[in-house]
Structure formats: C-alpha cells, structure tokens
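Dear colleague,

Please find below the structure that I am handing over to you. My findings follow directly after it.

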Amino acid sequence: MVTVVPKVVVVVLAGLVTCQLALLLTTLYLHRTLSHRAVTMRPGLAFASRAVLWVSTGIRPREWAAVHRRHHAYTDVLGDPHSPVLEGYWKVQLYNIGLYKKAAHDAETLRKYSRDIKVDKWDKVLFDHGFVGLGLGYCIFWALFGWRWALVAAGVHVVSYLLLNAAINAIGHRFGKKAYPGVATNNQWLAFLTWGEGLHSNHHAAPTAAKFSFTASQFDHGWLVIKFFKKLGWLQVRHEAVHLTAAAQEGLGPLQQEREPELV
Ligand SMILES: [Zn+2]
Ligand SMILES: [Zn+2]
C-alpha cells in the first residue's frame, strides 16, 4: 500500500531542512571559519558555503563576522551588539535581526572588525545583493511546490532560522550552565538544534577551538561534519587542542575538576 504524505508535511519539512542547512553553514563558515579562523576551507567549499548562505539567508559574510567579533570584544558590556544583559532577554530573542542590522550597517564596526575580509568580484556581482539571493531561494521553493506552498516553506525556514540564531545570543547569555567565568552558558538541547552552537560558554572560553564540545557528555555535531570534511581534504583545522582564553583559565578553579581530561 502506498502511503501518501500530505503536502503540508513535505513543505514544512523542506522549510526545516533548509533552516538546518543554513544553520550548519552559519556555524561552519560564518562562525568557525570566517570569524575565528578555527577552520580553513578549501576555496570550493568556501564558495559553495557562500552561495548556499546567499540563497538561504541573504547575509553578507563580512558583516556577520564583524558583528560577531564585536560581540566577542564587548561580551555583555557596553558595545555588545546583542547582549540580553544590556537589552533584556525578549528583545534579543525576538528582535535579534534588528540589533544585528543596526550593528552590521555601522561603518566603524565593519572597518574595525572585518578589514581582513576582502570584497571580491563574487560579492560585487552576487553575494552583496542579499535580496536577490533570497528571491532565488524562494524561486527554488516555488519550482518545487508552487508559489503558495513556497510561501509556507520559506516562512517556516525564515522564522525558525531567525529564532534559533537569536536563541544562541539570548538563551546562550541568560539560561543554562556556566562552565567558565562570564555570562555565556552551555545548553546541550540548544546545541542539538544549532549544530553545537548552544555550547556557548565553551565557545567564549576558547573562541579559536573548532570543536565546541569539551567533555564526553557534550555533543557538537557541527564538529562531526568538520571531521568528515577534513577527511575528504575539504578543510583544515587550526588546532586540535582547546586553547582557553586567559580569563577562562583564571576562573577555572573547582570547575576544572568537572571537566574531562580529554578535550579534543
Ligand atoms: Zn556569545
Ligand atoms: Zn564566536
């Protein structure tokens, strides 16, 4: 007997899968590769990441990296572009995109934090035109499902992507376990939904680590993808060991004993 899956299920799933793909490339390319240089991608993989992010998010990579680096430079103090300590949890959770855009359009932020990321011909022709990318992404849904259902798929993708990205900034600096000094927290459930990004206390303690899980009980499936791509020769990892920041090392104390000796 052939079971027919209702179209609404297929369309919602397409939206969720697209969201997860965009989140995966956000953490692998925008975050771990571009912002922190924890990973170096081969040009082909970097270009594919840029192209998929263009049609699924419309984000300009150098703007994302600049805003994120400013967040690390001013974490939860004046100057942080999206701190729930300064702005309140709900503002960051529901209005993260507005806070992001304000910082991304600040020329000083770009000049200071992304001067190493050069604008190339592909940016000029394609990737700097975010709405063109998003329009193309919508056309892919349209070709697959028709224009009405494409709106549903795009809506599911956009809302879930925005809320989950916002949750990394909002929940990741408000709720959960602190493994290190500072406000950032670890939330394994959020890490499951965001390819490891929910292990945010770990990340702030060791921003150049390509792997966000530090103990056997933590799971970072973004790292599994990195290991797989590394095996294929598509990328390199800057260092396998976890180099904690001075602030994180100073505050280890009793927390250190809870951590597994095997950090890689
Ligand atoms: Zn953070
Ligand atoms: Zn970071």
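Helices (H or I, at least four residues) and strands (E, at least two) are DSSP runs, numbered from the N terminus. Leu94, for instance, lies in helix H5. This is a predicted model, in which local features need pLDDT of at least 70 and side-chain atom pairs count only at pLDDT 80 or more, while totals for chains, interfaces and linings use all residues. Residues are numbered from 1 along each chain as its sequence is written, and chains are lettered from A and ligands numbered from 1 in the order in which they are written.

Helix H5

H5 covers residues 89-104 and bends by about 85° at Tyr95; the bend is the angle between axes fitted to the seven residues ending there and the seven starting there. Burial is judged from C-beta atoms placed from the backbone: a residue is buried if 20 or more others lie within 10 Å of its own, exposed if 12 or fewer, and partly exposed in between. Leu94 is partly exposed because 13 other C-beta atoms lie within 10 Å. The C-alpha atoms of Leu94 and Ala170 are 9.1 Å apart, although 76 residues separate the two along the chain. Val92, Asn96, Leu99, Tyr100, Ala103 and Ala104 of H5 are buried.

Contact of H3 with H5

The axes of H3 and H5 come within 9 Å and cross at roughly 100°; axes are lines fitted to C-alpha atoms, for helices over the stretch in contact, and angles run from 0 to 180 degrees between N-to-C directions. H3 and H5 are therefore roughly perpendicular to each other, a term used for angles of 65 to 115 degrees. Glu63, Val67 and Arg70 of H3 make the contact with Tyr100, Ala103 and Ala104 of H5, where contact requires C-beta atoms, placed from the backbone, within 7 Å.

Helix H12

In H12 (residues 221-231), the buried residues are Gly222, Trp223 and Ile226. Seen down the axis of H12, these buried residues fall within an arc of 100°, so they line one face of the helix; the arc is that of the directions from the helix axis to the C-beta atoms. Phe228 and Lys231 are exposed on the other side of H12. The cover over the buried residues of H12 includes helix H1 (7-35), strand S1 (39-41) and strand S2 (235-237). Just after H12, Gly233 takes a positive phi of about 80°.

Val77

Val77 is found in the loop between helix H3 (61-73) and helix H4 (84-87). Val77 is exposed, because 11 other C-beta atoms lie within 10 Å.

Yours sincerely

Definitions and conventions. Two residues are in contact if their C-beta atoms, placed from the backbone, lie within 7 Å. Angles under 35 degrees count as roughly parallel, over 145 as roughly antiparallel, 65 to 115 as roughly perpendicular and the rest as oblique.
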